[in-house]
Amino acid sequence: MKKTALTIIGMLLGLYCSSQHISDEITLGNGDIVDFSYIFKPNDSCTFHSDEKCDWKFCIYYWNSKSDDFIIADQAYSNNISFQISDILQLEKHIGYFKIIDIEDKRYTVGYIELSKGDSVLDKRDIYMQLTPSQPKVIDFKFDYDYDWDYDDLGIDGGILELTLEIDDDVERIFMICPDFYGHLFQKPDDDRFFFGEYHTVNKIAPRKTTITIDRVEWGIFMKLSAINRYGTSQSLIVNTTDFITDPKVLERINSLNPNASIDSEPLNEPEIIYSRDELNVNGEINDFKIEIYNIVGHKLLDNQNERMIDISGLPSGVFVVLLKTDNQIIKTLKISR
């Protein structure tokens, strides 16, 4: 009889505990109520709630040499658990090893909240934290070089490239990495070819702005730029040094060295791109052609087929590269600034 009663009590307790769960509502330090789709920031203070007192664990995934693992960052026995994200993340030996995932153009650190009773896990919810920096953006540049017309080069010592970047407030360094070979590149190398790198300390010239200077820069070099804070590294921004050359004659000469470009003799009335205010015009003897416009980070903004007059008044302010193509080959390149 006594054993049966204990069994019934145990079953009732099991049903009671299994009904407990983590509330969908999370209270932020400012009083706002959010749900589990919310992306936590380092300075957030937040409180998770449950129906009754249980054991709470806040865990963060991190990488080790064999598999994903996790570390318990905080725990308590209560109806709720409150914590300051920045306090939780004072895990010095694990910083830089937190597991991150990329979703579209964002990078997140992954953790979870767990509710338990003894050895029984009652509920578990994933949480996402935006701790690593946003991808840096090139907002201005200056490229000083002397083009060597005899050697199709920017000179023996190369040029000096200064990039102005928009970055997050907590960025400490910029990491620049190049492929294992220099040269006149017309296709982006595979990721495993990038391994010559250098760090640039952030010296802000204005809020969220910094400049980096790279010397001995040749044209045609692909570079990856990443922002670094104490929690990790941003997604890489890939740029090509040719995108920062504005002299149309130099660009035309560079394009002529493209091994994929046509080697036929030039027609007497050579095609050209004319830029005037909010308009592009294609002149010369050319029939089946395409005009493509890219921003300086390589995003295509416009694609027109066989239109000799193109309205570009809808483009934002900035620096753009205009490509004139025929048979899928680049025959003219023009850099414009609006």
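Modeller: Before we start, a nonpolar core is a set of buried Ala, Val, Leu, Ile, Met, Phe, Trp, Tyr and Cys residues joined through side-chain atoms within 4.5 Å. Keep in mind that this model is predicted.

Biologist: Okay, how many residues does the largest nonpolar core have?

Modeller: In soluble globular proteins, nonpolar side chains tend to be buried together. Here, Leu163, Leu165, Ile174, Met223 and Phe244 have the most contacts inside the largest core. Strands E9 (137-144) and E10 (159-166) are among the elements giving it two or more residues, and so is helix H3 (248-256). Another core lies apart from it, with 24 residues, including Ile26 and Phe36.

Biologist: Which isoleucines does Leu165 touch, if we skip its neighbours within four places in sequence?

Modeller: With those neighbours left aside, the contacts of Leu165 include Pro136, Val138, Thr210 and Leu225.

Biologist: Is Thr333 buried or exposed?

Modeller: Thr333 sits in strand E24 (residues 329-337). Leaving aside neighbours within four places in sequence, Thr333 is in contact with Leu251, Asn255, Val321, Val322 and Leu323. Its relative accessibility is 17%, and the cut-off is under 20%, so Thr333 counts as buried.

Biologist: And how many disulfides does the count come to?

Modeller: A disulfide is a covalent bond between the sulfur atoms of two cysteines. Cys54 is buried, at a relative accessible area of 0%, and Cys59 is buried at 0% too. To count, a pair of cysteine sulfur atoms must be within 2.5 Å. By that rule, the number of disulfides is zero.

Conventions:
Residues are numbered from 1 along each chain as its sequence is written. This is a predicted model: local features need pLDDT of at least 70, side-chain atom pairs count only at pLDDT 80 or more; totals for chains, interfaces and linings use all residues. Side-chain values use heavy atoms; hydrogens and water are left out. Buried means under 20% relative accessible area, exposed over 50%, partly exposed in between (1.4 Å probe, protein chains only). Helices (H or I, at least four residues) and strands (E, at least two) are DSSP runs, numbered from the N terminus. Contact means heavy atoms within 4.5 Å.
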